[in-house]
Amino acid sequence: MTFNTGSTSLDAIVLSVVASDSEGTYGYKITQDVRSILDVSESTLYPVLRRLQKDSLLETYDQEFCGRNRRYYKITAEGILKLDECRREWIAYRKKINSILLGETDD
């Protein structure tokens, strides 16, 4: 069974992947990291990156690599706050789902 991932979850996952490298990371690596856990195409992820940049959650810079420019994405301070909020909401959501699916209760 495959569970659908909404745009909010995908945003949080992308922010988390980018935040894992303090110097930032480039688009192809982001897509590979996300695709290691989700079945999503590059054509889905690049608009997410652009939207997160437009919303000031990510910033970009270009760096030369093997004679070509490579675009790097780095999480902003605002992005870190948003990621923290997403993580808190995920924990609460996961507890609710686990209580129903697995019969787990908060003790």
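Predicted model: local features only at pLDDT ≥ 70, side-chain atom pairs only at ≥ 80, totals over all residues.

Residues are numbered from 1 along each chain as its sequence is written, and side-chain values use heavy atoms, with hydrogens and water left out.

First, the overall picture. The protein has four helices and three strands; helices (H or I, at least four residues) and strands (E, at least two) are DSSP runs, numbered from the N terminus. Along the sequence the pattern reads α-β-α-α-β-β-α. The C-alpha trace spans about 55 × 30 × 20 Å along its principal axes. Of the 107 residues, 28% are buried, where buried means under 20% relative accessible area, exposed means over 50%, and partly exposed is in between, with a 1.4 Å probe and protein chains only.

Next, the sheet. The three strands form an open sheet in the order E1-E3-E2, with antiparallel pairing. Strand E1 (25-26) and strand E2 (58-65) are at the edges with a single partner strand each, so one side of each has no neighbour in the sheet. Two strands pair if DSSP finds at least two bridges between them. Between E1 and E3 (residues 68-75) there are two bridges: Thr-25 is opposite Tyr-73, and Tyr-26 is opposite Tyr-72. E2 and E3 pair over eight bridges, also antiparallel, and one of the residues involved is Leu-58, whose bridge partner in E3 is Ile-75. The hairpin of E2 and E3 has two residues between the strands, and Cys-66 there has a positive phi near 55°.

Now the helices. Helix H3 (residues 42-54) lies across E2 and E3 and runs at about 120° to E2. Axes here are lines fitted to C-alpha atoms, for helices over the stretch in contact, and angles run from 0 to 180 degrees between N-to-C directions.

How do the axes of H1 and H3 cross? The axis of helix H1 (residues 7-19) comes within 10 Å of that of H3, and the two cross at roughly 75°. That makes H1 roughly perpendicular to H3; angles of 65 to 115 degrees count as such, under 35 as roughly parallel, over 145 as roughly antiparallel, and the rest as oblique. On the H1 side, Ser-7, Leu-10, Asp-11, Val-14 and Leu-15 meet residues of H3 including Leu-45, Val-48 and Leu-49.

Is Thr-31 buried or exposed? Thr-31, in helix H2 (residues 27-35), is buried, with a relative accessible area of 0%. A polar atom of its side chain lies 2.6 Å from the backbone oxygen of Tyr-28. Leaving aside neighbours within four places in sequence, Thr-31 is in contact (heavy atoms within 4.5 Å) with Glu-42, Leu-45 and Tyr-46.

Ser-41 lies in the loop between H2 and H3 and counts as partly exposed at 30% relative accessibility. The side chains of Ser-41 and Ser-43 make a polar contact of 2.9 Å. A polar contact is a pair of N or O atoms within 3.5 Å; within protein, one must be able to donate a hydrogen and the other to accept it, and residues adjacent in sequence count only if both atoms are side-chain atoms.
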